[in-house]
Amino acid sequence: MGTFQIEGGHRLSGEIQPQGAKNEALQILCAVLLTDEKVTINNIPDIVDVNKLINLLRNLGVKVEKLGKGSYSFQSDALNLEYLNSEQFKIDGGGLRGSIMIVGPMLGRFGKGFIPKPGGDKIGRRRLDTHFEGFIKLGADFRYNKEERFYGVEAPNGLKGDYMLLEEASVTGTANIVMAAVLAKGTTTIYNAACEPYLQQLCQMLNSMGANISGVGSNLLTIEGVEKLGGCEHTILPDMIEIGSWIGLAAMTKSEITIKNVNWDMLGVIPATFRKLGITVEQKGDDIYIPAHKDGYEVQSFIDGSIMNISDAPWPGFTPDLLSIILVIATQARGSVLVHQKMFESRLFFVDKLIDMGAKIILCDPHRATVIGHDFKSQLKATTMTSPDIRAGISLLIAALSAKGTSIIHNIEQIDRGYEDIEARLKAIGAKITRLD
Ligand SMILES: CC(=O)N[C@H]1[C@@H](OP(=O)(O)OP(=O)(O)OC[C@H]2O[C@@H](n3ccc(=O)[nH]c3=O)[C@H](O)[C@@H]2O)O[C@H](CO)[C@@H](O)[C@@H]1O
Ligand SMILES: C=C(OP(=O)(O)O)C(=O)O
């Protein structure tokens, strides 16, 4: 188990460049399976989950060539479909959440797709019904092996477009169905589609490969199936969750930080949500400038004066992946906030560790926590903790960097899943952080 030692209480300063988006990369990498031509992808983050998926693709027979930092070419012209029946596939496929998105492209192109129960964060139930209901609508036969927790879909005669209203706007579910539908016969209409920037990017990439998808950016996608897709070049957006993490880091450590080249237009309500906590998020060209909040930050009020409530919602709502960060920075705000994590039922339990550090939080139920901010009148105290999931992990790291004394965070593999070379990048802006093993 990897461990960070963090000496907190130091101001940071300087510039930080966000990595490419983890959740976009996972979709885009799966899309390389849709063509036998070469696909070049730039700005791929060097993080554990993405490297696991690249390794899975290699084992499936994709030719992978590294062209430079973050740039790779992929060619899926001689796949080894037998790998899908192997023990190795069960290990590779179960190692991350994003692997689920190989099913759609494999089904669309080869008429069959399998996957063991995918990995990813243990943050509550993470059903896959939306994915498979979508494939069934496109004409696939579905089977599930309960003992082995192995999912399979087959359509030996190909897929046929249909209208579908998704039960929920699932991010990976929508990506999976879109990737199957681009090669189906006829028209597929997906209503209640997820429309995160990750999906907008995926649809744009697929269109540049020859697909015909309209409605991109909305929750109504229309896909005219095509016979074949070709190669393309695609560049992954900066990671909006990393950008939000650095906003939180700057505020909580009262540091002046510039986050470079954020692609502001794709950040949706993220800047406005941090501003609700009184944090100054300034747009400077395409950078975000966070001044040192020397006098702290004050939670804004609603018009009727009721307590500030920050909750998650499918895009264009506020992403659930940033709520843990909102929660940690609320512990030092002037005022109180109700954090409501609507989507996942086990993502707030990490507040125990913050309470240990001296934060004033009432965990009302698994979905809601009330945070009463200290306004920096009392500093959090260093402690030893274990990172339960990726976003709780980065939130605890932010708490440790703001705390008095030296903290230890175990299980940092969770953080490495999604944050590239984090200690070097944080050290470069003045953080005292050491990887112990
Ligand atoms: C690899 C990847 O891309 N992972 C992201 C993806 O996971 P993933 O695609 O697995 O998440 P889904 O969008 O399927 O669903 C997330 C959770 O929200 C619930 N739900 C979803 C939509 C909805 O309208 N109502 C609702 O209640 C689901 O039941 C589930 O518990 O999207 C999540 C939601 O943004 C993010 O936290 C994950 O980081
Ligand atoms: C929950 C997340 O990731 P995953 O879906 O890969 O578990 C996340 O990125 O916050």
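**Exercise 1. Determine the handedness with which α4 passes α6 in this predicted model, and then describe the geometry and the residues of their contact.**

Step 1. In this predicted model, the crossing in which α4 passes α6 is right-handed.

Step 2. Two packed helices are described by the angle between their axes together with the distance between those axes. For helix α4, which spans residues 103-110, and α6, the axes come within 7 Å and cross at roughly 15°. Angles under 35 degrees count as roughly parallel, and α4 is therefore roughly parallel to α6.

Step 3. On the side of α4 the contact is made by V103, G104, P105, L107 and G108, and these meet N176, I177, M179 and A180 of α6.

**Exercise 2. Work out which residues come nearest to ligand 1, and which elements and domains supply the shell around ligand 1.**

Step 1. There are 19 residues around ligand 1, and of these N23, S170, V171, T172 and M343 come nearest.

Step 2. Two or more residues of the shell are given by each of the elements α1 (22-31) and α6 (171-181), and the largest share, three residues, comes from α6.

Step 3. At the level of domains, the shell around ligand 1 draws at least three residues from domain 1 (3-19 + 238-435) and at least three from domain 2 (22-235).

Methods: Residues numbered from 1 in each chain as written. Chains lettered and ligands numbered in written order. Predicted model: local features only at pLDDT ≥ 70, side-chain atom pairs only at ≥ 80, totals over all residues. Near = placed C-beta within 6 Å. Helix = DSSP H or I, 4+ residues; strand = E, 2+ residues; numbered from the N terminus. Domains from an automatic or database assignment. Axes fitted to C-alpha atoms, helices over the stretch in contact; angles between N-to-C directions. Parallel < 35°, antiparallel > 145°, perpendicular 65-115°, else oblique. Left-handed = near helix turned anticlockwise from the far one by under 90°. Contact = placed C-beta atoms within 7 Å.
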